[in-house]
Amino acid sequence: MAAEPLFADTAQGVAKSTVPAGTITARQAGDRRPAFLDTLWRGAPEAPRVATLPRFAASASDDVETEDEDSEMSRRKLALRDALGASQPVIGRENFAGRHDALSQLITAIEQQRVHVVIYGERGIGKTSLAHVFSETAREARYLVLYGSCGTEARFDAMFRAFAAKIPRLYHKSVLPNSPEAERGDHFDVMLEEHFGPRELAELFADVTGTRVIIVLDEYDRVIDPSFRRDVAELIKNLSDRAARVQLVLTGVAQNLDELIGYAPSIRRNIVGLPMRPLTAAEVRDVLAIGEVASDIHYSDESVNMINTMAGGSPYLVRLLGHRAGMAALDQRRSVVDDSHGRAAVERVLTDWNASLPRRVQASLSRDEARAQWPLLIAAARAGSSADGYFGIDDVFTEMGGSVPHSVIERDLRQFAGSHDLLEMSANPGEPLFRFRYPGVSALLLMSAAMAKLTT
Ligand SMILES: Nc1ncnc2c1ncn2[C@@H]1O[C@H](COP(=O)(O)OP(=O)(O)OP(=O)(O)O)[C@@H](O)[C@H]1O
Ligand SMILES: [Mg+2]
């Protein structure tokens, strides 16, 4: 792997164009179906009765006594899980693949442009992982990096008091190194009034000296309270006006900057937006290479291509499928992951997703009308890939290649918009807007469409 960008590295990454999963027509998708759909439409098979109860794969004890083949296999499986498990963000550089351009843009924005940064993109695209690896890199350059994850209930003063409590008072310009304040080990929070707003905070932060502070506010999209966002915008403005040595990095699920920070012209020139794009094919390889090194397996070119297509550039899906495919190979005591393992992984993920949907939704998906309208539903899923998930009839018309009249599409969509059905309809004056009631359904439809295309 090439060296990661570091601070003081002036080379600016060039954003590559995005390469989403292959586009297919709804007709193609409906014609050929992955095995998962047969199971869905036939009903799940009865699980065969197994004679022995399941056991743990490996001993939890650290000392491995017998290095036999079984324990070696178990070790490789656990190593693969640690390297490619998809439930956690990456927190260190070892497991972070690609994204050199995003990391160097972020560093340049912080170090040279001295602006605040908003990282945005779809769910699971790698925002938190990038923020963590960036933080590690910034700490090496002696920045004081503070990380906080926003919850729905986030309150401005509570959150920023906690940040202030992590900045040693030694870094306040009024405090001399050997003074009692410095010796006491106080932090900036003691200099805040009980109630404070963005102005008072910016005034205090403007007195930071001897270091630079980066505050990462992760999951900014989750905050509900509009006054929190207003206060953060005000803080950014005040920090910028005072050229304070404190910079903010916000991350959140959004399709564009406005969606995340609202319409705030006063801070536009103090902010750089960093959109996270889907992984390129080379980056997908890099992610899988981390699993290869950890568990001593090899992903064949066919399996890499399949995972790349199915994942549509989502690092989350690359890891999920890469992990499952690798496990399928190791289960067969093979060291090469081929396309049959890739296919097994996709089937398994689709089946798991389906099983995790509420019973009612599963039933809606497997009924005859849904089956007959599979191409329409897939076109709808594709049309609904915007952040809020809403799509109109014309969007579906386009996705279906312009072959089905608007009136037919509207009639058919309405058929799925009953009170407990797959779609919900918004009371939009004029053209009706639809979206999937459960976001998991559209992910399932999209992947099964991609799979259907692949099994032709
Ligand atoms: N550069 C990367 N290399 C390897 N794995 C990655 C990379 N970026 C993200 N991942 C993996 O993808 C998954 C999603 O990443 P992450 O949690 O960072 O995304 P996110 O955009 O913050 O998601 P959310 O929108 O849910 O907050 C995680 O399993 C993470 O380990
Ligand atoms: Mg995240």
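**Close-up 1. D331 and its helix.** D331 lies in helix α13. This is a predicted model, and in it D331 is exposed, with a relative accessible area of 53%. Follow the chain from D331 to S74 and you cover 257 residues, yet in space the two are 9.7 Å apart, C-alpha to C-alpha.

**Close-up 2. H323, from the helix that also holds D331.** Helix α13 spans residues 315–331, and H323 lies in it. Is H323 buried or exposed? H323 has a relative accessible area of 16%, so it counts as buried, the cut-off for that being under 20%. Set aside the neighbours within four places in sequence, and H323 is in contact with L80, R81, L84 and Y299.

**Close-up 3. The largest nonpolar core.** Here we look at a set of 65 residues, the largest nonpolar core. Which of them touch the most other members? They are Y299, W374, F391, V396, L413 and M447. Helix α17, residues 374–383, gives the most to this core, with eight residues. Domain 1 (26–43 + 69–88 + 280–356) and domain 3 (359–437) both supply residues, so the core lies between them. As a bit of background, nonpolar side chains in soluble globular proteins tend to be buried together.

**Close-up 4. M447 and the residues around it.** M447 is among the core members that touch the most others. If you leave out residues up to four places away in sequence, what does M447 touch? Its partners are M310, L317, L321, V346, V349, L350 and W353. There is also a second, separate core, which has 41 residues, including F156, V208, L217 and F228.

**Close-up 5. Helices α8 and α9, packed together.** A pair of packed helices is described by the angle between their axes and the distance between the axes. For α8 (residues 198–205) and α9 (residues 226–241), the angle is about 35° and the axes are 9 Å apart. The crossing of α8 past α9 is right-handed. On the α8 side, the contact is made by P198, R199, L201, A202 and F205. They meet D231, E234, L235, N238 and L239 in α9. Sort the residues of this contact by kind and you get six nonpolar, one polar and three charged.

Close-up 6. Most residues other than glycine have a negative phi. You'll find R114 in the loop between α4 (100–111) and β1 (116–121), and at 36% relative accessibility it counts as partly exposed. Now for D296, whose phi is also positive, near 55°. D296 sits in the loop between α11 (281–295) and β6 (298–299). This residue is exposed, with a relative accessible area of 54%.

**Close-up 7. Q415 and its contacts.** Helix α19 covers residues 406–415, and Q415 lies in it. With a relative accessibility of 34%, Q415 is partly exposed. Which residues is Q415 in contact with, once neighbours within four places in sequence are left aside? They are R367, E369, Q373 and D421. Take E369: it is 46 residues from Q415 in sequence, and their C-alpha atoms are 8.8 Å apart.

**Close-up 8. G151 in its loop.** Look for G151 in the loop between β2 (144–149) and α6 (156–164). It's partly exposed, at 25% relative accessibility. Not counting residues up to four places away in sequence, G151 touches R222 and V223. E219 is 68 residues from G151 along the sequence, and the C-alpha to C-alpha distance is 7.4 Å.

**Close-up 9. E302 across from G342.** E302 has its place in helix α12, residues 301–311. With a relative accessible area of 47%, E302 is partly exposed. Between E302 and G342 there are 8.6 Å from C-alpha to C-alpha, and they are 40 residues apart along the chain.

**Stepping back. The whole protein behind the close-ups.** The protein has 456 residues, and buried ones make up 46% of them. How many helices and strands are there? The count is 20 helices and ten strands. Among contacts with a separation of 6 or more, 73% are between residues 24 or more positions apart.

Technical notes:
Residues are numbered from 1 along each chain as its sequence is written. Chains are lettered from A and ligands numbered from 1 in the order in which they are written. This is a predicted model: local features need pLDDT of at least 70, side-chain atom pairs count only at pLDDT 80 or more; totals for chains, interfaces and linings use all residues. Side-chain values use heavy atoms; hydrogens and water are left out. A nonpolar core is a set of buried Ala, Val, Leu, Ile, Met, Phe, Trp, Tyr and Cys residues joined through side-chain atoms within 4.5 Å. Buried means under 20% relative accessible area, exposed over 50%, partly exposed in between (1.4 Å probe, protein chains only). Helices (H or I, at least four residues) and strands (E, at least two) are DSSP runs, numbered from the N terminus. Domain bounds come from an automatic or database domain assignment. Contact means heavy atoms within 4.5 Å. Axes are lines fitted to C-alpha atoms, for helices over the stretch in contact, and angles run from 0 to 180 degrees between N-to-C directions. A crossing is left-handed if the near helix is turned anticlockwise from the far one by less than a right angle, and right-handed if clockwise. Ala, Val, Leu, Ile, Met, Phe, Trp, Tyr, Cys and Pro count as nonpolar, Asp, Glu, Lys and Arg as charged, and the others, Gly among them, as polar.
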